[in-house]
Amino acid sequence: MTDLQRIIKATEPLTLARAQTGFQPWLLADLARAAAARGGRTMFVAADDQAMAAVADAAAYFAPELGILQ
């Protein structure tokens with residue numbers, strides 16, 4: 001089982017840290033899809049407004065079916 005599969009199957013809240021900036025939107029999209037499928041949510045805390053906007057824009061590309069609140 002990969003690390004991502006273990007994360008997706010977690011039954012308790014998790015904190016992930018130090019994901020590479022370019023990898024964050026893809027990771028968040030996958031995690032949000034998995035959480036939504038189980039009736040859950042995903043939250044991302046960005047370093048600043050600019051980083052938040054960049055991740056939100058890119059995540060919308062990877063998962064256009066999911067809602068993003070900023």
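**Figure 1. The R33–D30 pair within helix α2.** R33 and D30 both belong to helix α2, three residues apart, about one turn of the helix; helices (H or I, at least four residues) are DSSP runs numbered from the N terminus. An α-helix has 3.6 residues a turn, so residues three or four places apart point the same way. The model is predicted, with local features requiring pLDDT of at least 70 and side-chain atom pairs pLDDT 80 or more, while totals for chains, interfaces and linings use all residues. Residues are numbered from 1 along each chain as its sequence is written, and side-chain values use heavy atoms, leaving out hydrogens and water. R33 forms a salt bridge with D30 (a side-chain nitrogen of Lys or Arg within 4 Å of a carboxyl oxygen of Asp or Glu), and their closest N and O atoms are 3.1 Å apart.

**Figure 2. The salt-bridge network of D30, R33 and E65**. Two salt bridges are found in the whole structure. E65 also forms a salt bridge with R33, with the closest N and O atoms 2.7 Å apart. This pair joins distant parts of the chain, as E65 lies in the segment after α3 and R33 in helix α2, 32 residues apart. R33 is partly exposed because its relative accessibility is 30%, whereas E65 is exposed, at 51% relative accessible area; buried means under 20%, exposed over 50% and partly exposed in between (1.4 Å probe, protein chains only).

Figure 3. The 14 residues of α2 should span 20 Å at 1.5 Å a residue, and the end C-alpha atoms are 20 Å apart, which agrees; the expected span is 1.5 Å times one less than the number of residues. Buried residues of α2 include L27, L28, L31 and A34. Among the elements covering the buried residues of α2 are α1 and α3. G39 follows α2 and has a positive phi, near 80°.

**Figure 4. The largest pocket.** A pocket is an open set of points on a 1 Å grid over the protein atoms alone, where a 1.4 Å probe fits, with protein on both sides within 12 Å along at least five of seven lines; lining residues have an atom within 4 Å of a point. The largest pocket has a volume of about 760 Å³, the space filled by probe spheres set on the points, which are joined across faces, edges and corners. Of its 25 lining residues, L14, L16, L31, T42 and M43 lie nearest the centre. Helix α2 gives the most to this lining, with six residues.

Notes
Helices (H or I, at least four residues) and strands (E, at least two) are DSSP runs, numbered from the N terminus. Contact means heavy atoms within 4.5 Å.
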